[in-house]
Amino acid sequence: MTGPAPLLTLNNGVRMPTLGLGLDHLDLYLLHWPAPSVFDTTVASYKAAEKLLADGRVRAIGVCNHTPAHLTDLMARTDVVPAVNQVELHPFFSQPELRAFGVRQGIHTQSWSPIGGVNRYGGESPDKVRDPLQEPTITGLAEKYGKSPAQIILRWQVEHDLCAIPKSVKPHRIAENIAIFDFSLTPHEVAAIDALDTGARGGPDPDHVGPDTFS
C-alpha cells in the first residue's frame, strides 16, 4: 500500500486511518460497540466498512457487543449481514438467545472473555466474585478428563460451534488453550455447563455504552 491511509469515522465519532498497518487488506474488520444513543453514526460507520469490503480492503466485516435488537436494526439499514458478532460469552453468561439469533441470520458468534476473566477482573470485591474456573461442575470435568478448567470451558465453547478468543501473554497458557482438540464433552456435560448461566453480564451493558463511556 502506498500513500496515506483513508479515514473512517468510527462509532465513537473519532476519525482514524483504516489500514495504516503496512497491510494490503485485513481479514476481519469489526465495529466495537453498537452505541445505541448515536446509532445513526454506528450505521454510517458500518456502511463505511461495507465500502472497505467492496473495495477488497477487508475480507469480512462484523460487529461486537450487538444484541438481537441492535443487529435487527443494523441489518434493516445496511446491505451486508455481519459475518461475526463478538460478545461477552462464558459459562456464567452464555447468551443462548443471541447465539440462536446468530445461527438463524448466518452471523458467527465470537466469544470474548470466553473463560470468564471479566468476572475475575471486572472490579467486584473478591468475596463477591464467582469464577467459572472454580465452579465444581467445571473442576469435576477437568479432573475426569485430565485437563485444566480453562480447557474444559474452551472445549464447551467449541462444542457450541463458537469462536473463542482467550487472552494470554504466557506461552504455556497459550499452548494450553490450543490443546483442546484431543477430547470431547458429552451432550450431558455440555448441558451441565449450560445450566451454570446466570444471565448476568460481567462487562458493560451494550445498551448503555456510548461515545463517552471510555473517555
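## Basis

The model is predicted: local features need pLDDT of at least 70, side-chain atom pairs count only at pLDDT 80 or more, and totals for chains, interfaces and linings use all residues. Residues are numbered from 1 along each chain as its sequence is written, and side-chain values use heavy atoms, with hydrogens and water left out.

Helices (H or I, at least four residues) and strands (E, at least two) are DSSP runs, numbered from the N terminus.

## The sheet

Five strands make up an open sheet. Their order is S3-S4-S5-S6-S7, and the pairing is parallel. Two strands count as paired if DSSP finds at least two bridges between them. S3 (29–31) and S7 stand at the edges with a single partner strand each, so one side of each has no neighbour in the sheet.

S6 spans residues 108–112. Four of its five residues are buried, so the strand is largely enclosed by the rest of the structure. Buried means under 20% relative accessible area, exposed over 50%, and partly exposed in between (1.4 Å probe, protein chains only).

Five bridges join S6 to S5. Among the pairs, Val84 has His108 as its bridge partner. S7 (residues 163–164) is joined to S6 by two bridges. Here Ser111 partners Ala164, and Gln110 stands opposite Cys163.

S5, H3 and S6 form a right-handed β-α-β unit. Right-handed means that, with the strands pointing away from the viewer, the path from the first strand over the helix to the second runs clockwise.

## Helix H2

H2 covers residues 68–77, with His70, Leu71, Leu74 and Met75 buried. Seen down the helix axis, the buried residues of H2 fall within an arc of 125°, so they line one face. The arc is that of the directions from the axis to the C-beta atoms. Ala69 and Ala76 are exposed on the face turned away from the buried side.

The cover over the buried residues of H2 includes H1 (39–54), S4 (61–64), S5 (84–88) and H3 (96–105). Contact means heavy atoms within 4.5 Å.

## The nonpolar core

The largest nonpolar core has 36 residues. Such a core is a set of buried Ala, Val, Leu, Ile, Met, Phe, Trp, Tyr and Cys residues joined through side-chain atoms within 4.5 Å. Tyr29, Leu71, Ile152, Trp156, Leu185 and Ile193 touch the most other members. S3, H1, S4, H2, H3, H5 (136–145), H6 (149–159) and H8 (187–194) each supply at least two residues.

Ile152 touches residues including Ile138, Leu141, Phe183, Leu185 and Ile193, not counting those up to four places away in sequence.
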